[in-house]
Amino acid sequence: MNVSSLLRKRAEELGFAAVGFLEPQTPPHFDRFMEWLAADQYGQLTWFKRNTDVRRDPQKLLKGCRTIVSLALPYPSKQAKTADGFTIARYASSPIDYHLRLKSLCSDIADLIREWFPQSRSRIFVDSGPLLEKSLACGAGLGFIGKNNTLIIPEHGSYINLAEILTTAPFDFASPECVENRCGDCSRCIDACPTGALERPFHLNIPECLAYLTVEFRGDLKKGIGAKMGRCFAGCDRCQEVCPFNSPGEETIFSLPSTEEILNMDDRTFSEIFGRTALARPGLGRLKRNLQAIRAVKDSQVAQKCPDASRRSRYSRGRPKMGSHPARVGCPCPLTDKS
Ligand code: B12
Ligand code: SF4
Ligand code: SF4
């Protein structure tokens with residue numbers, strides 16, 4: 001068995017769903033990326049404007065780089081849920097942040113590379129460098145980029161995270177073809193996007209995307225956005241849930257404190273419970289903001305449509321905690337949260 005096959009075997013043992021190799025060349029979608037960048041739709045992620053030369057030429061990240069190993073680690077389709085029925089995106093539902101998990105698994109592989117090629121140097125990236133990770137994965141033969149802008153492994157779907165090992169080790173591999181898109185006539189993701197952030201196939205308007213607004217965006221959310229969020233207060237999986245390449249999600253797990261507990265949580269408790277999860281990225285402040293945005297919409301819907309609106313909105317104002325919504329005292333209105 002050659003070293004490329006041995007690496008694949010080890011990656012499989014570690015739980016990776018796919019692994020591929022490519023030369024450190026310009027990622028196949030680089031020109032598309034530059035077109036997208038020109039549309040100025042990156043919101044507060046202004047770092048997109050920097051390091052385009054590195055995105056074009058990944059060798060700049062590691063002098064003498066000869067191989068890029070692209071790896072995809074699946075995450076469970078189970079969604080974490082609060083006891084009162086609020087959820088977070090699947091990638092954030094694992095007890096360990098995927099950056100930490102992937103870095104540790106990739107270190108294991110990088111150690112092997114060093115054993116095989118003692119003079120070699122390697123660097124691991126998980127969201128941590130100016131790399132077009134999906135495009136590299138596509139170029140390495142792992143899967144294709146769907147109209148929903150995610151990397152889809154045909155046999156596995158898109159519930160995966162990506163990592164790359166850049167190495168000076170000279171792996172022997174046949175350069176793969178970039179995987180052809182297989183969406184066909186389907187446009188379910190575009191139809192399902194609650195905000196219209198997927199403006200057209202393959203084109204994401206970041207400032208409209210709930211995954212951005214709930215996790216990355218600093219500041220006040222615009223009025224009414226809670227209605228688009230539904231019950232998910234961190235990240236968004238809508239354009240993946242409807243994708244036929246993903247199998248229907250497993251049942252949700254009740255692993256989160258109640259929304260009332262989160263809304264009343266202090267930073268120390270949050271960091272004890274969530275410090276090593278992907279929820280540390282938005283942090284407690286943004287999670288509270290997001291929950292409040294959902295609640296504001298629910299309260300205003302109840303106030304507008306409930307037959308006993310005035311009493312209920314007074315009640316709502318006087319009792320600001322999630323768990324004390326009128327539903328808890330037997331409100332018959334279908335708009336109230338009865339979970
Ligand atoms: C910034 C960022 C975000 C931003 C912007 C998302 C985005 N689509 O760019 C926000 C915060 C919104 C976000 C959201 C999510 N993210 Co994110 N994100 C990133 C990050 C750091 C950079 C992505 C980037 O460079 N975007 C720039 C865009 C414009 O380039 P692009 O995505 O490569 O898209 C181009 C191609 O798709 C190309 N294209 C491809 N084929 C075709 C065909 C045609 C005809 C055309 C015209 C164009 C075209 O056109 C696009 C424009 O150039 C990456 C990590 C990394 N370094 O790559 C993770 C990453 C992409 N995110 C990831 C995840 C998991 C998510 C979420 C699923 C999380 C969630 N559930 O809430 C959502 C998915 C939202 C979505 N539908 O894309 C994973 C993706 C895994 C996967 N299966 O693809 C990554 C790779 C992180 C990781 N290491 O695992 N993310
Ligand atoms: S993550 Fe949500 S808001 Fe963003 S493009 Fe997908 S469905 Fe739309
Ligand atoms: S939902 Fe349909 S169009 Fe969207 S990524 Fe999946 S297959 Fe492609």
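Predicted model: local features only at pLDDT ≥ 70, side-chain atom pairs only at ≥ 80, totals over all residues.
Q: Where does Asp40 sit in the chain?
A: In the loop between H2 and helix H3, the latter covering 52-56.

Q: What's with the phi of Asp40?
A: The phi of Asp40 is near 60°, a positive value in a residue other than glycine. As background, most residues other than glycine have a negative phi.

Q: What about Asp127, what is its phi near?
A: Near 60° for Asp127 too, again positive in a residue that isn't glycine. Asp127 is in the loop between E4 and H5. Asp127 counts as partly exposed because 13 other C-beta atoms lie within 10 Å.

Q: Back to the H2-H3 loop. Where is Leu45, and what does Leu45 touch?
A: Leu45 is in the loop between H2 and H3. Leaving aside residues up to four places away in sequence, Leu45 touches Ile206 and Glu216. Pro207 is 162 residues from Leu45 in sequence, yet their C-alpha atoms are 9.2 Å apart in space.

Q: Why does Leu45 count as partly exposed?
A: Because Leu45 has 13 C-beta neighbours inside 10 Å.

Q: Switching topic: which strands make up the open sheet, and in what order?
A: Four strands, ordered E1-E2-E7-E4, with antiparallel pairing. The edges are strand E1 (18-22) and strand E4 (122-125), each of which pairs on one side only. From one strand to the next, the twist averages 20°.

Q: Which helix packs on the sheet?
A: Helix H4, residues 98-116, which touches E2, E4 and E7. The direction of H4 makes about 35° with that of E7.

Q: How many bridges join E2 to E7?
A: Eight, with E2 (residues 67-74) running antiparallel to E7. One example is Leu71, whose bridge partner in E7 is Ala163.

Q: Which residues have the most contacts inside the largest nonpolar core?
A: Leu71, Ala72, Cys106 and Phe233, in a core of 78 residues. H4 gives the most to this core, with seven residues. In general, nonpolar side chains tend to be buried together in soluble globular proteins.

Q: What does Ala72 touch?
A: Setting aside residues up to four places away in sequence, Ala72 touches Phe16, Ala17, Ala18, Ala137, Leu142, Ile153, Ile160 and Leu162.

Q: And Leu151, buried or exposed?
A: Leu151 is buried, because 23 other C-beta atoms lie within 10 Å. Leu151 lies in strand E6, which covers residues 151-152. The residues touching Leu151 include Ala137, Leu142 and Leu162, not counting those up to four places away in sequence. Leu151 and Ser135 are 16 residues apart in sequence and 8.1 Å apart from C-alpha to C-alpha.

Q: OK, ligands. How many residues surround ligand 1?
A: 34 residues, and the closest are Trp36, Glu133, Asn161, Ala211 and Gly235. By class, the shell around ligand 1 has 20 nonpolar, eight polar and six charged residues.

Q: Which elements each supply at least two residues of that ligand 1 shell?
A: Helix H2 (30-38), helix H5 (133-139), strand E7 (160-167) and H7.

Q: What's around ligand 2?
A: The shell of ligand 2 includes the cysteines Cys193, Cys209, Cys236 and Cys239, and also Ala211. Helix H7 (210-215) and helix H9 (238-241) each supply at least two residues. The ligand 2 shell has nine nonpolar residues, one polar and one charged.

Q: And which residues are around ligand 3?
A: Among them are Cys183, Cys186, Cys189 and Cys243, along with Lys147 and Arg188. The shell around ligand 3 divides into seven nonpolar, three polar and two charged residues.

Q: Last one, for the protein overall: how many helices and strands?
A: The protein has 13 helices and 10 strands. Of its 339 residues, 38% count as buried. Among contacts with a separation of 6 or more, 76% are between residues 24 or more positions apart.

Note on methods
Residues numbered from 1 in each chain as written. Chains lettered and ligands numbered in written order. Near = placed C-beta within 6 Å. Nonpolar A, V, L, I, M, F, W, Y, C, P; charged D, E, K, R; others polar. Buried ≥ 20, exposed ≤ 12 C-beta atoms within 10 Å, placed from the backbone. Contact = placed C-beta atoms within 7 Å. Pairing = 2+ DSSP bridges. Axes fitted to C-alpha atoms, helices over the stretch in contact; angles between N-to-C directions. Core = buried A, V, L, I, M, F, W, Y, C linked by C-beta atoms within 7 Å.
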